[in-house]
Amino acid sequence: MDVKSAFLNGILNEEIFVSQPPEFEDHLHPNHVYKLNKTLYGLKQALRQWYERLISFLLSHQYERWKIAKTLFIKKSDYAIILVQIYVNDIIFGSSNNKLCEDFVKVMQGEFEISMMGELCFFLGMQIKQSK
């Protein structure tokens, strides 16, 4: 799954002002600056703020953050387990039960704009081949 515009989903915890970008200057007010309402791609805080929002969201839906790999989240039920691995704005997930995957997709679509990329074949330069 890919979270579209992930960096725009971050919520700022501090006041950040930016100068007017080239070719978007207000010639009547050349010294004015903009106060950001949310993160922007390229902003130093963007990745951290996006990740904090995603962590809070997953924890609020009873996912547990793995202590060793901080980007791995686990949710257990009486009959199955789902693993969710975060890599910036890409999310890999799998479960021993299809319903947990379907529930995860619905929950994520309710909060973020996502696109499903299909079955995992390549990730970080590795070729993935799934078998039963």
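This is a predicted model: local features need pLDDT of at least 70, side-chain atom pairs count only at pLDDT 80 or more; totals for chains, interfaces and linings use all residues.
Residues are numbered from 1 along each chain as its sequence is written, and side-chain values use heavy atoms, without hydrogens and water.

**Surroundings of Q20**

- Q20 sits in the loop that joins β2 (17-19) to β3 (33-35); strands are DSSP runs of E of at least two residues, numbered from the N terminus.
- A polar atom of the Q20 side chain lies 2.8 Å from the backbone oxygen of H29.
- The backbone oxygen of H32 lies 2.9 Å from a polar atom of the Q20 side chain.
- Beyond its neighbours within four places in sequence, Q20 is in contact (heavy atoms within 4.5 Å) with E25, D26, H29, P30, N31, H32 and Y34.

**Largest pocket**

- The volume of the largest pocket is about 590 Å³.
- Its lining comprises 17 residues, of which I92, F93, G118, E119 and L120 are the closest to the centre.
- Both β7 (90-95) and β9 (122-123) give two or more residues to this lining, and β7 gives the most, with six residues.
- By residue class, the lining of the largest pocket holds 11 nonpolar, four polar and two charged residues.

Definitions and conventions:
Helices (H or I, at least four residues) and strands (E, at least two) are DSSP runs, numbered from the N terminus. A polar contact is a pair of N or O atoms within 3.5 Å; within protein, one must be able to donate a hydrogen and the other to accept it, and residues adjacent in sequence count only if both atoms are side-chain atoms. On a 1 Å grid over the protein atoms alone, a cavity is a set of points where a 1.4 Å probe fits but cannot get out, and a pocket is an open set with protein on both sides within 12 Å along at least five of seven lines; lining residues have an atom within 4 Å of a point. Grid points are joined across faces, edges and corners, and a volume is the space filled by probe spheres set on the points. Ala, Val, Leu, Ile, Met, Phe, Trp, Tyr, Cys and Pro count as nonpolar, Asp, Glu, Lys and Arg as charged, and the others, Gly among them, as polar.
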